[in-house]
Amino acid sequence: MSDAPITPARRGTRLRRPLIAFSAGVATIVTLLASLGLGAYVWADRQRTTLSIDAFGPTPGEDAGAAPDVLGRCAQRACNYLLLGSDSREGLTEEEIAAFGDDEHLGGTNRADTIILVHTRPGSKEAIFLSFPRDLWVDIPGAGPGRINSAFEGGVERGGALLVAKTVKAITGMQIHHVMYVSLLGFQRVVDALGGIEMCVPYAMQDPLSLLDIPAGCQHFDGFTALAYVRTRHQPCDTVPDFARIGRQQQFLRAVIAKILRPEELLRLPNLVPRVLDNLVVDEGLNPAELVYLAGLLEGVGTENVDFRAVPTIPEGIVVEGSYLSVVTMIEEDANELFRRIREGEPLGDLGAELAQTPPSPANVVAAVYSKDPGGSAATNVLELFTEGGFNTSPGVVQLSDIEAPRRGSFILFREGAEPAAKVVGTYLHDLDLVPAPEGVLPEGQDVGIVVAPAYEIPEPKETVECP
């Protein structure tokens, strides 16, 4: 990989294109099936790798013949998908196993490295990604207190996915309708099937434990690099490693969504679907008919309505078990209010937008670019930088005359209470001042406004890390 950062290409102001699904794999599958109809249904149904209800098996303390109280057809009012990414080493290279450790090194068990509840509300055209810290201490049904990722110990073939689903349902009060699972190798292959992802990072990152080694700036992430990036939790600013990793996972997902919405990507869907499907494991009920139904319900959802949150938690202490070190976290009282608002379809406010001792994820920073010349290279380059940086750039490029700028030149405006978000923006544009926005200057719901003069040029990334 070259050490020279790639200059963001001038691709013009982004339009608000329809988002008809909620993740890289599902977006690809749904879009194609919705456009090709019954023939695609029959073909795609044969591509799925599924988990039957029998494969889930009974959870501890449950009768062998008991029907699971999770999984089922999506409700019209809301549908919940559980996305699971495990730390299974199956299929990895010798170099990756040497760095990550093998299953025996992990204690011979499977754990869920990534747990995300995707809540979709067709009526309001919303999709919420709710991340669970992997070392969150919870009550696991039938097993008692433990880390939430340990609920996956049985793996996809011995009830692990079902037990995680039951645990998430018990915590949130939300029915889990479908489960999607991807291994480390599967994640790499899905990203490669998408042709990789363009990402912008403010500083160089290395991590021998995840094999991450990238320069600062904008660059292409293949599957190997993307996996290393979403797994790393040992960067200089990672005060609570698990929380920082969630922020990067959300940032990466936002960048994936931005790529999928490009018209040229939609043309590639027929070739992408078989490769994506081949690397996902889903429950039997998540069939092509259900996906097409979902596509119809969610048509018209825009990027501005895709929200990333994390369960409000606080770190309680470090636990070492053999070679496994973790910062155990506990659910805060605010979490129950967040769960209630999601269930009832109410505005979430700032609940779950930030985690303790951790800067806001770019995915949760709503940033607009203000310019006298909205079609000029300065404005479009800055917009591209932040879109590929995984920020919420749905406001796009806005005429500077739409606001009363408090000063001339280029600078970063931030609303009251959004200085942490502005500092994250400032790690990318370190030559600009952070300026509090006078009351009423920035529209409601917008955290940051990047005011760009026509002659502004994005600075080279700093060589030293400055934590936001």
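Which residues touch the most other members of the largest nonpolar core? In this predicted model, they are Phe129, Tyr229 and Phe252, out of the 38 residues that make up the core. Helix α8 gives the most to this core, with six residues. A second, separate core has 36 residues, with Leu82, Val164, Tyr181 and Ala335 among them. As background, nonpolar side chains in soluble globular proteins tend to be buried together.

Let us stay with α8 for a moment. This helix covers residues 241-260. With 20 residues at 1.5 Å a residue, α8 should span 28 Å, and the 29 Å between its end C-alpha atoms agrees with that. How many of its residues are buried? The count is 20 of the 20, so the helix is largely enclosed by the rest of the structure. Buried here stands for a relative accessible area under 20%.

The largest share of the lining, five residues, comes from α8. Sorted by class, the lining consists of 15 nonpolar, seven polar and two charged residues.

Now for the disulfides, of which the whole structure has three. Cysteine 74 pairs with cysteine 79, with 1.8 Å between their sulfur atoms. Both cysteine 74 and cysteine 79 are buried. The torsion about their S-S bond is about -45 degrees, so this disulfide is left-handed.

The next pair is cysteine 200 and cysteine 218, whose sulfur atoms lie 2.1 Å apart. Here the S-S torsion is about 105 degrees, which makes the disulfide right-handed. Cysteine 200 sits in strand β8 (residues 197-201) and cysteine 218 in strand β11 (residues 217-221), so the bond ties together parts that are 18 residues apart in sequence. Cysteine 200 and cysteine 218 are both buried.

Finally, cysteine 237 is joined to cysteine 467, S to S 2.0 Å. This pair links distant parts of the chain, 230 residues apart: cysteine 237 is in the loop between α7 (223-231) and α8, and cysteine 467 is in the segment after β20 (448-452). With a torsion of about -90 degrees, the disulfide is left-handed. Counting bonded cysteines along the chain, the disulfides follow the pattern 1-2, 3-4, 5-6.

Conventions:
Residues numbered from 1 in each chain as written. Predicted model: local features only at pLDDT ≥ 70, side-chain atom pairs only at ≥ 80, totals over all residues. Heavy atoms only, no water. Helix = DSSP H or I, 4+ residues; strand = E, 2+ residues; numbered from the N terminus. Expected span 1.5 Å × (residues − 1). Buried < 20%, exposed > 50% of the residue type's maximum accessible area, 1.4 Å probe, protein only. Nonpolar A, V, L, I, M, F, W, Y, C, P; charged D, E, K, R; others polar. Core = buried A, V, L, I, M, F, W, Y, C linked by side-chain atoms within 4.5 Å. Disulfide = S-S within 2.5 Å.
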